[in-house]
Amino acid sequence: MTTYIKPYDLEALINSLPGIEVIADSSQVAKLSQDYHTFSPVLVPKLAGKVGDIVLRPANEQEVLKIAATCVKSRVPITVRGAGTGNYGQCVPLHGGVILDMTRMQEICWIKPGVARVEAGVKLAALDKKAREIGWEMRMAPSTYRTATIAGFVAGGSGGIGSIQYGLLGDRGNLLALKVVTLEDEPRFIELRGDDVQKVNHAWGINGIITEVEIPLGPAYPWAEVIITFPEFMAAARFGQALADADGMIKKEIAVFASPIPQYFTPLRQYIPDSTHAALLLIAEPSLELLPGLVQQYGGNITYQKVQEGGKGVNLLEFTWNHTTLHARSVDSSITYLQSIFPVDLETRCLKRLYS
Ligand SMILES: Cc1cc2nc3c(=O)[nH]c(=O)nc-3n(C[C@H](O)[C@H](O)[C@H](O)COP(=O)(O)OP(=O)(O)OC[C@H]3O[C@@H](n4cnc5c(N)ncnc54)[C@H](O)[C@@H]3O)c2cc1C
């Protein structure tokens, strides 16, 4: 079992890292010791009162290496942090120590057709915007893409908007390389490529500090946002499955909601009548022409459509994935969620069982 020297000399630790940004203000440190584990009634009592001692904000990979070496030497625990939007308490320090805030490392090293290399703290929305300048975009992103960092997504996330087309982040080919600082006695950089990336992918930052990520991109499309309502939930689910199976129709998101969940989406209420079930879609504009026929086949009704050109209005993506829970909890804070995955089930039998 690892032993930490505690209490360690905080002053000496800070003095041995000249030039590195430190946050020592206790309310700031407490804030940066939190994430969105508050969605979980199990984790809230378990993680209550857990805070780091200081926050360090490295500006580059050499500073990360220096911090790692100093903390290893003094046996001070490190909790790595991106934007802190993770849901499982992975950013909450169990044993105090250093919160390593990676958000200053925002450099986009390079982007070329189909692939980008970026520093750990780059926000997903920033990478997507830059990639679109050359006709490419992120293959997938969590619904927190506006604030979440790329390394936080790799270390703590799993998939999101775009997964309907490209699968999960852990699927072979969705992550090309990671540069990592180890926490060995003599910390060093290692570059993981190919299947080796899986050693650190979704490992919550506990076996290395990611400093750079090389990630494949997908061709950029103009995306339309659509809301469809259905009187029957299983018809909505079967519609979602049919659209997912229509390989020629390009889509980035298909989110199907059973009533009363869509009724928690206050800004969308005018498009989702009481007691109806809903599907929220992001579909490539060239595929839109085929949508009404498919919707009609399953008894649905298109109530909202926004095309990219001049498209003002609500951002439907921020109602999908765990943003669904966020909206539901803003109406009733006792609500939580369970994430499930089914085996291949083209007839939606598992879902029917779960629903009934
Ligand atoms: C409303 C809401 C919706 C969400 N939707 C989705 C979704 O659609 N899909 C999804 O996958 N997740 C989702 N999440 C979870 C989370 O937002 C994402 O996984 C996001 O990508 C995490 O990025 P972050 O920068 O906030 O990471 P953080 O929360 O800061 O960190 C996540 C994990 O990564 C580790 N970490 C961070 N940076 C590094 C680094 N440089 N090196 C090593 N480890 C590091 C942290 O220690 C932690 O274990 C959602 C969360 C919320 C609150």
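Where is Arg 75 found? Arg 75 sits in the loop between α4 and β3, and it gets a close-up of its own below, after a look at the whole predicted model.

View 1. Of the 356 residues, 40% are buried. Among contacts with a separation of 6 or more, 68% join residues 24 or more positions apart.

**View 2. Domain 1 against domain 2.** The domain assignment gives domain 1 (10–101), domain 2 (108–219) and domain 3 (223–355). For domain 1 and domain 2, the C-alpha centres lie 21 Å apart. Their contact draws on 13 residues of domain 1 and 16 residues of domain 2. Which helix gives the most to the domain 1 side? That is α4 (residues 61–74), with six residues. By kind, the domain 1 side that touches domain 2 divides into eight nonpolar residues, four polar and one charged.

**View 3. The shell around the ligand.** Here 36 residues surround the ligand, and the closest are Gly 82, Gly 152, Gly 156, Gly 157 and Gly 205. Four elements, β3 (78–81), α6 (150–156), β10 (209–219) and α10 (323–331), each supply at least two residues of this shell. Helix α6 gives the most, with five residues.

**View 4. The largest nonpolar core, and Ala 279 within it.** This core has 82 residues. Those with the most contacts inside it are Leu 100, Ile 150, Val 154, Ile 210, Val 213 and Ala 279. Zooming in on Ala 279, and leaving aside residues up to four places away in sequence, you will find that it touches Ile 228, Ala 236, Phe 239, Gly 240, Ile 254, Ala 255 and Val 256.

View 5. Most peptide bonds are trans. The bond from Ser 259 to Pro 260 is cis, with omega near 15 degrees. To find the spot, follow the loop between β12 (251–257) and β13 (277–284), where Pro 260 has its place.

**View 6. Arg 75 and its positive phi.** Back to the residue from the opening: Arg 75, in the loop between α4 and β3, has a phi near 50 degrees, a positive value in a residue other than glycine. Is Arg 75 buried or partly exposed? Arg 75 counts as partly exposed because it has 13 C-beta neighbours inside 10 Å, while a residue needs 20 or more to be buried.

**View 7. Trp 204 and its positive phi.** Phi of Trp 204 is near 55 degrees, again a positive value in a residue other than glycine. Trp 204 lies in the loop between β9 (189–193) and β10. With 16 other C-beta atoms within 10 Å, Trp 204 is partly exposed. If you are checking backbone angles, keep in mind that most residues other than glycine have a negative phi.

Technical notes: Residues are numbered from 1 along each chain as its sequence is written. This is a predicted model: local features need pLDDT of at least 70, side-chain atom pairs count only at pLDDT 80 or more; totals for chains, interfaces and linings use all residues. A residue is near a molecule or strand if its C-beta atom, placed from the backbone, lies within 6 Å of it. Domain bounds come from an automatic or database domain assignment. Two residues are in contact if their C-beta atoms, placed from the backbone, lie within 7 Å. Ala, Val, Leu, Ile, Met, Phe, Trp, Tyr, Cys and Pro count as nonpolar, Asp, Glu, Lys and Arg as charged, and the others, Gly among them, as polar. A residue is buried if 20 or more other C-beta atoms lie within 10 Å of its own, exposed if 12 or fewer, and partly exposed in between; C-beta atoms are placed from the backbone. A nonpolar core is a set of buried Ala, Val, Leu, Ile, Met, Phe, Trp, Tyr and Cys residues joined through C-beta atoms within 7 Å.
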